Amino acid sequence: MGTGPTGNVVYPKWKQALVQEAQANKSLDQTDVNNAVYCALLNVGTPTQALGYTYSAAHQFYTDLLMAPTVGSGHELAVFNGPFPQSNPGPLDKQITTPTVNIGAGTFPGPVFDGDDSTFLQVTTTAGGFVTVDALVLYRRNAGLNSTWRLIYYCDTGAGFPVQPNGGNITINWNAAGIFML
Amino acid sequence: MATGNALYPKWKQALVTEALTLKSLDQGDAANGVYCALVTIGGANYVYSQAHQFYTDLGANVQGVPLQVTAPTVSVATVAGSTGLVFDGNDCTFISVAGTIGAVVLYRHNPGANTTWRLVYYLDTVTSGLPVTPAGGNLVVSWNPNGIFMF
């Protein structure tokens with residue numbers, strides 16, 4: 001159960017995959033819809049919303065964003081994109097278009113991952129009753145099951161959080177310096 | 001003057017770029033392992049740059065023959081309150097070292113030319129031991145018990 005912001009962080013398990021020869025589907029510079037970085041909106045667990053997502057350094061794949069089957073009986077998603085289980089991202093998951101990984105400057109050489117801003121259309125609360133968007137997660141989609149989509153970046157600290165969906169659009173304006181630095 | 005320990009940004013960039021290869025750290029064979037080089041730095045010798053990418057960027061400033069870091073591991077760990085990925089391996093013992101050693105550089109070897117061996121980690125700041133002038137003696141690089149580096 002979450003108790004407050006975790007802070008923006010790159011998932012350690014993703015970094016581990018980067019340096020292991022046998023691991024695949026980890027690059028950030030791909031642009032086709034089946035092999036790209038996607039952004040999902042999350043509800044984060046609170047004392048009154050115990051089913052929400054809670055960051056863990058041990059999390060590795062998209063399915064870690066889902067509810068633990070042993071919690072409650074509904075198996076609802078904390079992700080604002082549809083029922084569990086699913087094999088494809090829901091309509092609300094947005095691909096990060098025009099992805100780049102560039103070397104920065106000065107004392108922050110990076111590399112920096114960046115891309116276009118993301119606009120989520122007509123965001124509503126979920127059937128599970130999650131009423132606020134508290135965080136977002138970037139993940140690397142591939143053509144396989146969502147149990148193989150690597151989690152990359154968790155962000156719950158920034159202007160605009162939390163947001164209460166009302167059916168309108170939500171636009172994520174990334175920092176002008178980039179989305180995150182590795 | 002110490003530059004400070006640093007991961008080469010060009011290596012990290014390669015990690016997340018699909019078309020770039022030969023960048024993993026968990027290989028144990030001699031042709032594709034991580035190697036440790038002793039480097040003379042400063043002045044007309046090697047000077048770290050974040051633009052450096054390959055072994056040949058070290059120039060003629062490598063002393064002796066680099067050694068493979070054996071038993072390499074990459075594991076998620078928490079050190080001093082920070083959780084990240086830690087690269088570790090066995091200590092390296094260099095025999096009959098000449099010159100003045102100001103830094104240690106890790107790079108990823110591969111079967112190709114040294115123009116393709118990626119620089120990984122630059123280390124010139126330690127508790128004690130650098131710079132050192134072995135004058136033909138042996139030099140043992142003893143890594144931190146927590147690991148060689150975290151990122």
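Predicted model: local features only at pLDDT ≥ 70, side-chain atom pairs only at ≥ 80, totals over all residues.
Q: How many helices and strands does chain B have?
A: Chain B holds 1 helix and 10 strands, and from the N terminus on these elements run β-α-β-β-β-β-β-β-β-β-β.

Q: And why does the radius of gyration of chain B agree with a compact globule?
A: A compact globule with 151 residues would have a radius of gyration near 15 Å, and chain B agrees because its own value is 15 Å. Along the principal axes, the C-alpha atoms of chain B fill a box of roughly 40 × 35 × 30 Å, and buried residues make up 47% of the chain.

Q: Switching to the interface, what area is buried between chain B and chain A?
A: The buried area is about 2000 Å², with carbon and sulfur atoms giving 62% of that area. On the side of chain B, V16(B), E18(B) and Q50(B) supply 28% of the area that this chain buries against chain A, more than any other three residues.

Q: How many residues does each chain bring to the contact?
A: Chain B gives 22 residues and chain A gives 25 residues.

Q: What about salt bridges, how many are there between chain B and chain A?
A: The count is 2 salt bridges, and among them is the one in which the side chains of E21(A) and R108(B) meet, at 3.4 Å from N to O.

Q: Which element gives the most to the side of chain B that touches chain A?
A: Helix 1 of chain B gives the most, with 6 residues. The residues on that side of chain B divide into 9 nonpolar, 8 polar and 5 charged.

How values were computed:
Residues numbered from 1 in each chain as written. Chains lettered and ligands numbered in written order. Heavy atoms only, no water. Contact = heavy atoms within 4.5 Å. Buried area = accessible area lost by both parts, 1.4 Å probe. Salt bridge = Lys/Arg side-chain N within 4 Å of Asp/Glu carboxyl O. Helix = DSSP H or I, 4+ residues; strand = E, 2+ residues; numbered from the N terminus. Nonpolar A, V, L, I, M, F, W, Y, C, P; charged D, E, K, R; others polar. Rg over C-alpha atoms; globule rule 2.2 N^0.38 Å. Buried < 20%, exposed > 50% of the residue type's maximum accessible area, 1.4 Å probe, protein only.
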